[in-house]
Amino acid sequence: MSNPNRERKPAVARSYWLYGLHAAAAALANPKRQIRRMLVTQGVLEKVGEGWQERKLGAEVKSAQDIARLLPEGAVHQGIALEVMPLEEISLEEYLVQAGEQKPLLLLDQVTDPHNVGAILRSAAAFDVGAIVLTRDHAPQESAVLAKASSGGIEIVPMLTVTNLAQAMETLKKHSYWCIGLDGEAKQSIAEAKLGKQTALVLGAEGRGLRRLTGERCDLLVRLPISSAMESLNVSNAAAIALYVLRQGAIS
């Protein structure tokens, strides 16, 4: 009979194939990314820079068909694929200790689509977000699909996984962050809120938005002033617009 008090061993991280020029170039430029193999078609090496040489990787020249056989059906690899290990996770507390310059954070409340999370990472990198916080359950794990959708953003913006989003919000408040929830029913627009760099922007899941308890934990709820002709925006589009407004307010 097993001992219920015995500490569970952490799951062994498994490698996966990351593909596409932007995703591969960003991974090669990230010293924190462990790369096991590099497959390329003839003539692609000059497009990804010299990062692979600095890592002393042996580039394996393969046909496009050979690379495609290792990837999901229909994957657009653009002549390059890297076998990589997932990035090492850091906790929210570790991030707060290590963070230098104050930057906005993004909290995702059960956003499960890897395409959306990848697109959010891309916007987060473009608008200089410090990190993205996701729940351990009801959130996608690092994967080729997520990395491809992020277009290299996954190598720039760390993803922090927490067990309980409400507790994470309380931790952030203790570090002087304002937790601002994006809600289409909010009375105040995000531009009117005049937010600064120490903002933790909370976005809800595809379709249903913020959970009620998450919304109640926010210091303020704001909305994007969109036309009444549309009920809502895709969460990744909403994130991009909100981050643009937030950046404009922080630098003005």
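**Entry 1: Ser 176**

I looked up Ser 176 and found it partly exposed, at 48% relative accessibility. The scale I used calls a residue buried under 20% relative accessible area, exposed over 50%, and partly exposed in between (1.4 Å probe, protein chains only). Ser 176 sits in the loop between α7 and β8 (178-182). Helices (H or I, at least four residues) and strands (E, at least two) are DSSP runs, numbered from the N terminus. I noted that Ser 176 has a positive phi of about 70° although it is not a glycine. Most residues other than glycine have a negative phi, and most peptide bonds are trans.

I recorded the origin of the structure: it is a predicted model, in which local features need pLDDT of at least 70 and side-chain atom pairs count only at pLDDT 80 or more, while totals for chains, interfaces and linings use all residues. Residues are numbered from 1 along each chain as its sequence is written, and side-chain values use heavy atoms, with hydrogens and water left out.

**Entry 2: His 138**

I looked for a positive phi elsewhere and noted His 138, with a value near 60° in a residue other than glycine. His 138 belongs to the loop between β6 (131-135) and α6 (144-150).

**Entry 3: helix α7**

I then examined α7 (residues 165-174), where Leu 165, Ala 168, Met 169, Thr 171 and Leu 172 are buried. Seen down the axis of α7, these buried residues fall within an arc of 160°, so they line one face of the helix. The arc is that of the directions from the helix axis to the C-beta atoms. An α-helix has 3.6 residues a turn, so residues three or four places apart point the same way. On the other side of α7, I found Gln 167 and Lys 174 exposed.

At the start of α7, I found a side-chain oxygen of Asn 164 within 2.9 Å of the backbone nitrogen of Ala 166. I counted as a polar contact a pair of N or O atoms within 3.5 Å; within protein, one must be able to donate a hydrogen and the other to accept it, and residues adjacent in sequence count only if both atoms are side-chain atoms.

**Entry 4: Leu 107**

Contact means heavy atoms within 4.5 Å. Leu 107 is buried, with a relative accessible area of 0%. Leu 107 and Gly 204 are 97 residues apart in sequence, but 8.6 Å apart in space, C-alpha to C-alpha.

**Entry 5: Thr 199**

I located Thr 199 in strand β10 and found it buried, with a relative accessible area of 2%. A polar atom of the Thr 199 side chain lies 2.7 Å from the backbone oxygen of Gly 196. Leaving aside neighbours within four places in sequence, the contacts of Thr 199 include Tyr 177, Trp 178 and Leu 246.

**Entry 6: two arginines**

Is Arg 33 buried or exposed? Arg 33 counts as buried, at 1% relative accessibility, and its place is in the loop between α1 (21-29) and β2 (35-40). The side chain of Arg 33 reaches the backbone oxygen of Met 85 at 2.7 Å.

I found Arg 37 in strand β2, where it counts as partly exposed at 32% relative accessibility. A polar contact of 2.9 Å joins the side chains of Arg 37 and Glu 60. Beyond residues up to four places away in sequence, Arg 37 touches Trp 17, Glu 60, Ala 81, Leu 82 and Glu 83.

**Entry 7: the second largest pocket**

I looked up the second largest pocket and noted a volume of about 660 Å³. On a 1 Å grid over the protein atoms alone, a pocket is an open set of points where a 1.4 Å probe fits, with protein on both sides within 12 Å along at least five of seven lines; lining residues have an atom within 4 Å of a point. Grid points are joined across faces, edges and corners, and a volume is the space filled by probe spheres set on the points.

The lining has 26 residues, of which Leu 182, Asp 183, Gly 184, Gly 209 and Ser 232 lie nearest the centre. The elements giving two or more residues to this lining are β10 (199-204), α9 (212-217) and α10 (235-251). Gly 184 itself is in the loop between β8 and β9 (188-189) and counts as exposed at 63% relative accessibility.
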